[in-house]
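Work through the exercises below with the sequence and the 3D view side by side. Try each task before you read its solution.

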Amino acid sequence: MSEAQSYQRVALIGLGLIASSIYWAMKRAGMEAHVTGYARSAETRETAKRLGLCHEIVDSAEAAVKDADLVILAVPVGAMGPIAEAIAPHLKPGCTVSDVGSVKKEVIEAVRPHLPEGVHFVPTHPMAGTEHSGPDAGFASLYDNRWCLIVPDGAPEEATARVEAFWQALGAKTEQMEVEHHDLVCAVVSHVPHLIAYTMVGVADDLRRVSDQEVIKFSAAGFRDFTRIAASDPTMWRDVFMTNKQATLEILGRFTEELFALQRAIRTGDGQLLFDYFTRTREIRRGILQAGQDTDAPDFGRVKVQK
């Protein structure tokens, strides 16, 4: 039995895009684990039942984790502490608790104090997603060739290896990373870009010189990309910025400095600086494509694959 297959019972707490994709990817991989799911909303639980998501849907987080070998917290990062406190007395000795949050330092500080001795916490962060949310948004191939960052932060090697093998079986590439470095990297590649997208769409909304119809009708690819990103779940992103303040503010400061430099180049007519800057940054996009982390297709490779 492989390490990925060694979990007999898995509990998914939260049944949105990430958790539902975990279930469908497990099913595709032929994993035999019994999967129990829980979501706070009764409507979400009913949708999950209708979709056939998980082997069992229960009405409480406490019931979901009963006898589980692996518990995955797939809720907004601000809710992880209270959830961990609620499920702690019901966790089986020796089980592993993990999460899928895009912030790690504050999640670890919120979750770990509640976990009883003998229960292992192995934080993870799958770098995959779409702008869609909810249990019906998930699909089996979401994690294929995407990175899942593993942040052991002192977790036992055996528990960490099992979690890493689990994500690899779902199609992901994995890499272990230190807590603070993780939060800084994610501020660069995810958090600040989302904040910029939200801001740009907000600016367009505030411009009363053009109607909403014109903004929608004449949207070019750049603005469409912003609106796709800005359509992401507002609760999740509110919690991300409230819990990763330091790294986000540091990268925002760097961004502001770069923006001022470009603003000055435009004002002074320094075309060479602009050309050199754009040439350098274009190589980043080429690198992403060469690494297989995106595609030139108009839909950016985010067509939902049938389960």
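The exercises that follow concern a predicted model.

**Exercise 1. Contacts of Ile22**

Task: List what Ile22 touches, leaving out residues up to four places away in sequence.

Solution: 

**Exercise 2. Buried or exposed?**

Task: Classify Thr248 and Met200 by relative accessible area.

Solution: 
- Step 1. Set the cut-offs. Buried means under 20%, exposed means over 50%, and partly exposed lies in between.
- Step 2. Take Thr248, in helix 11 (residues 245-268). Its relative accessible area is 5%, so Thr248 is buried.
- Step 3. Check what surrounds it. Beyond four places in sequence, Thr248 touches Ala187, His191, Val192 and Phe241.
- Step 4. Take Met200, in helix 7 (residues 179-206). Its relative accessible area is 34%, so Met200 is partly exposed.

**Exercise 3. Salt bridges**

Task: For the pairs Glu46–Lys49, Asp69–Lys92 and Arg112–Asp153, state the N to O distance.

Solution: 
- Step 1. Side chains of opposite charge can pair when their charged atoms come close.
- Step 2. Apply the cut-off: a Lys or Arg side-chain nitrogen within 4 Å of an Asp or Glu carboxyl oxygen. The count comes to nine salt bridges.
- Step 3. Take Glu46 and Lys49. Their N to O distance is 3.5 Å. They are three residues apart in helix 2 (residues 42-51), so about one helical turn separates them. Glu46 is partly exposed at 47%, and Lys49 is partly exposed at 41%.
- Step 4. Take Asp69 and Lys92. Their N to O distance is 2.5 Å. This pair links distant parts of the chain, 23 residues apart. Asp69 is in the loop between helix 3 (61-64) and strand 4. Lys92 is in the loop between helix 4 (80-87) and strand 5 (96-99). Asp69 is buried at 15%, whereas Lys92 is partly exposed at 29%.
- Step 5. Take Arg112 and Asp153. Their N to O distance is 2.8 Å. This pair also links distant parts of the chain, 41 residues apart. Arg112 is in the loop between helix 5 (105-111) and strand 6 (120-126). Arg112 is partly exposed at 30%, and Asp153 is partly exposed at 34%.

**Exercise 4. Strand pairing**

Task: Is the pairing parallel or antiparallel for strand 6 with strand 7, and for strand 7 with strand 8?

Solution: 
- Step 1. Strand 6 and strand 7 pair in the antiparallel sense, over three bridges. Thr124 stands opposite Ile150 in strand 7.
- Step 2. Strand 7 and strand 8 (residues 173-176) pair in the parallel sense, over four bridges. Trp147 has Lys173 in strand 8 as its bridge partner.

**Exercise 5. Positive phi**

Task: State the phi values of Cys54 and Asp153, and locate each residue.

Solution: 
- Step 1. Know the background. Most residues other than glycine have a negative phi.
- Step 2. Take Cys54. Its phi is positive, about 75 degrees. Cys54 sits in the loop between helix 2 and strand 3 (56-57). At 8% relative accessibility, Cys54 is buried.
- Step 3. Take Asp153. Its phi is positive too, near 45 degrees. Asp153 lies in the loop between strand 7 and helix 6. At 34% relative accessibility, Asp153 is partly exposed.

Definitions and conventions
Residues numbered from 1 in each chain as written. Predicted model: local features only at pLDDT ≥ 70, side-chain atom pairs only at ≥ 80, totals over all residues. Heavy atoms only, no water. Contact = heavy atoms within 4.5 Å. Helix = DSSP H or I, 4+ residues; strand = E, 2+ residues; numbered from the N terminus. Buried < 20%, exposed > 50% of the residue type's maximum accessible area, 1.4 Å probe, protein only. Pairing = 2+ DSSP bridges.
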